[in-house]
Amino acid sequence: MAVGPRSARPTAKGKKRAARSDDMMDVTMRKLDKWLDRNPWQAIVVMVILMVVIAFGLWNVFGSTLQWAYGKYLAERVDPWLAAHVTPHFTALWELAREKIPFVDKLKQLFTARSVVEAAGEAAKEL
């Protein structure tokens with residue numbers, strides 16, 4: 001008596017059904033967890049990018065409110081303290097960077113406003 005091939009082993013019958021009935025969020029989180037374990041450095045890069053995007057979005061939504069609240073309630077007391085205690089440290093670090101790394105001056109020039117006429121004159125001299 002010839003019987004056709006079986007479609008699946010009897011032990012595998014319930015496994016497929018159980019996987020289909022799992023919560024999709026749970027399955028996705030397990031896959032994500034496995035990927036994070038296999039790719040730690042890529043995971044760090046993805047997390048940093050995600051945090052920057054979230055911070056950028058929150059600043060776009062709440063930034064003007066935070067600036068208003070700072071100006072109204074904190075600026076009067078915090079700004080003098082920042083000028084006395086924090087600004088000198090950043091100024092010293094900037095001067096040290098200028099001494100040790102000459103590229104810092106070029107970097108500062110990139111972000112310094114110049115007139116269009118002056119920039120056009122420098123471009124013509126280079127050609």
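Residues count as partly exposed when their relative accessible area lies between the limits for buried, under 20%, and exposed, over 50%; the legends below use this term for side chains of a predicted model.

**Close-up 1. The aromatic pair of Trp68 and Tyr73 in the predicted model.** The structure holds one aromatic pair, and its two rings, those of Trp68 and Tyr73, have centres 6.1 Å apart and planes at 85°, so the arrangement is edge-to-face. A pair of this kind is described by the distance of the centres together with the angle of the planes. Tyr73 has a relative accessible area of 47% and therefore counts as partly exposed, because the class of exposed residues begins over 50%.

**Close-up 2. The packing of helix α2 against helix α3.** Helix α2, spanning residues 24-38, and helix α3, spanning residues 40-85, pack with their axes 5 Å apart and at an angle of about 115°, which means that α2 is roughly perpendicular to α3. On the α2 side the contact is made by Trp35, Leu36, Asp37 and Arg38, and on the α3 side by Pro40, Gln42, Ala43, Val46 and Met47.

**Close-up 3. The salt bridge between Arg30 and Asp26 in helix α2.** A search of the whole structure finds two salt bridges, and one of them joins the side chains of Arg30 and Asp26, with a distance of 3.2 Å from N to O. Because Arg30 and Asp26 are four residues apart in helix α2, about one helical turn separates them. Arg30, at 40% relative accessibility, counts as partly exposed, and Asp26, at 36% relative accessibility, is likewise assigned to the partly exposed class.

**Close-up 4. The salt bridge between Arg98 and Glu95 in helix α4.** Here the side chains of Arg98 and Glu95 meet in a salt bridge, for which the computed N to O distance is 3.6 Å. Both residues, Arg98 and Glu95, belong to helix α4, which covers residues 87-100, and they lie three residues apart, about one turn of the helix. With a relative accessibility of 35%, Arg98 counts as partly exposed, while Glu95, whose relative accessible area is 37%, is partly exposed as well. In general terms, side chains of opposite charge can pair when their charged atoms come close.

Conventions
Residues are numbered from 1 along each chain as its sequence is written. This is a predicted model: local features need pLDDT of at least 70, side-chain atom pairs count only at pLDDT 80 or more; totals for chains, interfaces and linings use all residues. Side-chain values use heavy atoms; hydrogens and water are left out. Axes are lines fitted to C-alpha atoms, for helices over the stretch in contact, and angles run from 0 to 180 degrees between N-to-C directions. Helices (H or I, at least four residues) and strands (E, at least two) are DSSP runs, numbered from the N terminus. Angles under 35 degrees count as roughly parallel, over 145 as roughly antiparallel, 65 to 115 as roughly perpendicular and the rest as oblique. Contact means heavy atoms within 4.5 Å. A salt bridge is a side-chain nitrogen of Lys or Arg within 4 Å of a carboxyl oxygen of Asp or Glu. Buried means under 20% relative accessible area, exposed over 50%, partly exposed in between (1.4 Å probe, protein chains only). Rings of Phe, Tyr and Trp (its six-membered ring) pair if their centres lie within 6.5 Å; planes under 30 degrees apart count as stacked, over 60 as edge-to-face and the rest as tilted.
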